[in-house]
Amino acid sequence: MERITLIATATMGVESIVAQELKDLGYNDIKTFNGRVEYGAELKDIPVSNIFLRCADRVYIKMGEFKATSFEELFEKTKELPWNEILPSNAEFPVSWISSVKSELFSKSDCQKIVKKAVVENLKGVYNHEYFPEDGALYRIKVQINNDVVIISIDTSGEPLHKRGYRNDNNDAPIKETLAAAMVKLSRWKGGERAFMDPMCGTGTIPIEAAMIARNIAPGANRRFAAEEWHIISEKSWLDARDLAYSKEDYSANCNIYASDIDEDVLELAKRNAATAGVDDCIKFEKKHILETEKPSEYGCLVTNPPYGERLLDSDSAERLYRQLGDICSMRLPKWSYYVITSNEKFQENFGKKANKNRKLYNGGLKCYYYQYYGEKPKNK
Ligand SMILES: C[S@@+](CC[C@H](N)C(=O)[O-])C[C@H]1O[C@@H](n2cnc3c(N)ncnc32)[C@H](O)[C@@H]1O
């Protein structure tokens, strides 16, 4: 199997950012769809994609795409796919995810059984076994059926990519690392002299992701992936991808990041997470109310994920907080850019200003908008 198609899945609204990440990694055969980006690759790109992509949820090998309106068709077309090129005879291959939307084949449990049976039949023909012990490496199969078109893929990531390994807390409302990275990317902040601030940083995800971007720290360099156990990808490919990641890290990069929160306990977690991520020395953490925000520099970029008035605060308190944030931004940070994600529909009204742009993003399944206010550019830059 020389050329393969990989699928990087992404939260709705983040697909184009993942596509840009892939372009930056040097891929060019890229197609963007709702919730996923497909790209032409080789097996050695599985380590690269898993280690370097900041905003994707998982990376899958696409096994095939076909139309099926009957169980027979699903069985025969699944059986024809080149399973033996990926799965060894001892592979563990659960059909872990099934979705069906607007399709004749809507019974997920039946589709799941049929796909499993078809893969077994394919392998029986190749390995001449009647029984597969499934005591080897894990190859989790995903089946998506949409308008009678079936896409079958195998997960290469294992734990989802937002699990970078620096956060092991169970705080109430941390944002996913992948979404936080996407928010920083959308703000176009890249580090350097320009200040960055999250005045409601919680466990620190947004400032930590910002610091990792500024220092070029690959998000997956220090964790393991399901495909590391696969015989078809050499250990060297993983070593090469990690070496490349480490060679690109720049701990001397200038980084001017301010993170604060009113909650002392959560701030302690944020500091611990930043230390685990290797970026605690470039984030200034402080316990304070947003009303105590000061201007660290004339120009900068504020990115935050405030309470939405759903889980953390009631909506009146959340809206009061947005008014305070709006006042602080216009009075103390008048030349800054502001980027705020919330599901609260009255955000702009309370913040006191219409955003230059907003973008629909999903945070943990909740429909949110990412309000983007463009600030001034430094005169001499
Ligand atoms: C949705 S959480 C942020 C989660 C964060 N992005 C993370 O990854 O953990 C909102 C945060 O706003 C903080 N907060 C609420 N009111 C505040 C205020 N008046 N001043 C500063 N922080 C406040 C809360 O303590 C909470 O940590």
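**View 1. The side chain of Ser-49 and the backbone of Asp-45.** The backbone oxygen of Asp-45 lies 2.6 Å from a polar atom of the Ser-49 side chain, a polar contact being a pair of N or O atoms within 3.5 Å, of which, within protein, one must be able to donate a hydrogen and the other to accept it, while residues adjacent in sequence count only if both atoms are side-chain atoms. Ser-49 belongs to helix H2 (residues 45–52), where helices (H or I, at least four residues) and strands (E, at least two) are DSSP runs numbered from the N terminus. Ser-49 counts as buried because its relative accessibility is 0%, with buried meaning under 20% relative accessible area, exposed over 50% and partly exposed in between (1.4 Å probe, protein chains only). This is a predicted model, in which local features need pLDDT of at least 70 and side-chain atom pairs count only at pLDDT 80 or more, whereas totals for chains, interfaces and linings use all residues. Residues are numbered from 1 along each chain as its sequence is written, and side-chain values use heavy atoms, with hydrogens and water left out.

**View 2. Asp-263 in the loop between strand E9 (257–261) and helix H8 (264–277)****.** The side chain of Asp-263 has a polar atom 2.9 Å from the backbone nitrogen of Asp-265, and this side chain also reaches the backbone nitrogen of Val-266 at 3.2 Å. Asp-263 is partly exposed, with a relative accessible area of 33%, and its C-alpha atom is separated by 8.8 Å from that of His-289, 26 residues apart along the chain.

**View 3. Arg-188 in the loop between helix H5 (177–187) and strand E8 (195–198)****.** With a relative accessible area of 66%, Arg-188 is exposed.
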